[in-house]
Amino acid sequence: MTSKIFRAIFLASVVTLCAALFVITGFFYNYFSGIQLNQLKDELNLVSAATEQSGINYLEKLSYENYRITWINSKGEVLFDSDAESEYMENHLDREEISEAVENGSGNSVRRSSTLSKKNLYEAVRLSDGTILRMSVTRTSIIAVVIGMLWPLIVVIFISVIISAILAHKMSKRITKPLNNIDLDYPLDNNTYDELAPLLNRIHQQNRRINSKINELKQKTDEFALITESMKEGLVLLDSNKRILSINPAAKNILGAEQKSVGEDFLKIESRTDINIAVERAFGIGHCEIRVRKREFEYQFDISRIENNGKTVGAVLLAFDVTEQANSERMRREFSANVSHELKTPLQTIMGSAELLENGLVKQDDISRFVGHIGKEAGRLLSLVEDIIRLSQLDEDGQMPKEDISLGEIVREVFDVLSKSSAEKNIAFNLVGDNVSILGVRQLFFEIFYNLCDNAVKYNKEKGSVTVDLCETASEIICRISDNGIGIPPEHQPRIFERFYRVDKSHSRKSGGTGLGLSIVKHAVVYHNGTVSLESIVGKGTTVILKFPKQQ
């Protein structure tokens, strides 16, 4: 803007200077032309008076440097000429100034030379004897004047241009200084030209609208960031070049991305071929899903193409943790297979024994033993069905009636029920802590302690012991069921609470277990918002730790 103002001021100054020089030159030219014409008249009057008295002798004695004098008789013949021989000159009676002098006593005319750079002024007067005395002078034309004054004009123009440039530079800076110092954030607080007041007012109104839009956009951005940061699912927004526009913390954790990932190519963040192929397919066909296992977790990636006016502008990637769902599906498949197997085994035994009895292939003395097999397998089958029903009830998470129960009382009941089996192996029961109560489902707590204590007896050593320690803190109730039996190998401990999982399958079947006892324990503990953990050393024993929050 400063340069434009400078050019405008400088150009205006130069144009004004040129116009002023042109006007002044024309004015002075006319002024001095008038003075020259008056001088010519005065000189002619003096010369005519002297010629009246002295005649041609006076004319011959004059010095003619700037003027030309011609004396003409009444017939137009030249009697005397200061520049040429009179006898060789043509008749002058037809000259304009001569004709006017003959008629009016005086006359004048102006005639240009052939070069157009000069013109001659003629002034004529009639003498008393009828002759005509003419005086002429050469006047330079304005073009010749300008050419003659060229160098002074160049010097004047050069100096004027320099002064104009300096003044234009200073003036342009002085004019633009208030404009450059305008605070556009607060336009109404500026002290500047009054002509800018409407513009500044419009800028103020525009700033208010822009700030309002910015605040609204910031609020929506913050809301979006807050929502995405709180999401458990991973969210990644990609542009059309597969660069990351936005990524939430969950997605960074899933993809193992660094904090500053926005603007990076997605391929740099996630280098797995299958995921990048899925992204390419989503850009091509519009949507793609893929399941990927990463760091012992299983994730499902849903990638959808984003379009605007029929043009692909990017894609959105959602990552869901489906580990629990995948494990549940696997457990359901295993459960179905295990249930079929566990039900089939006792049924085959029952059917085989019954068929032998029906066909009379069993000796009379062995009938009671076969009937005992049938009864034992039927009891095992009934126990399995009851455990399956119990697990189904816990899976459905149906509401069961709760009451205040004494855990010590339940543990003593369990000890009584297991007294026969414990006596067979000389297992001693110990109860530490008796005055612990909890709000819960009595039947579930009985099954918790029964299954844990039953396992502690089954997998114990001869003359071993089982200890139940009940205690409570300000916030939770802690139950420890310990034995000094055979223990559980470390590789089996993570899966010990899975359905139908057995460490020693031959020993479990021999002891009559269904493989669902510890699964029922885990589900029953979770039903009461508790946690279950395991500590075991092979050859030294196992401790199961239950923790329940206190009911407020």
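Mentor: Axes here are lines fitted to C-alpha atoms, for helices over the stretch in contact, with angles from 0 to 180 degrees between N-to-C directions. Helices (H or I, at least four residues) and strands (E, at least two) are DSSP runs, numbered from the N terminus. The model is predicted, with local features needing pLDDT of at least 70 and side-chain atom pairs pLDDT 80 or more, while totals for chains, interfaces and linings use all residues. Residues are numbered from 1 along each chain as its sequence is written, and side-chain values use heavy atoms, without hydrogens or water.

Helix α12 (residues 407-417) and helix α14 (residues 442-458) have axes that come within 9 Å and cross at roughly 50°. On the α12 side, the contact (heavy atoms within 4.5 Å) is made by L407, E409, I410, V411, E413, V414, F415 and V417. From α14 come R442, F445, F446, F449, Y450 and C453. Eleven of the residues in this contact are nonpolar, none is polar and three are charged.

Elsewhere, five strands form an open antiparallel sheet in the order β7-β6-β10-β9-β8. Strands β7 (244-247) and β8 (287-294) are at the edges with a single partner each, so one side of each has no neighbour in the sheet. The twist averages 20° from one strand to the next. Strand β6 (residues 234-239) pairs with β10 (residues 311-321) over six antiparallel bridges (pairing takes at least two DSSP bridges). L238 stands opposite A315 in β10. Helix α9 (residues 273-285) lies across β6, β8, β9 (297-308) and β10, and runs at about 170° to β8.

Definitions and conventions: Nonpolar A, V, L, I, M, F, W, Y, C, P; charged D, E, K, R; others polar.
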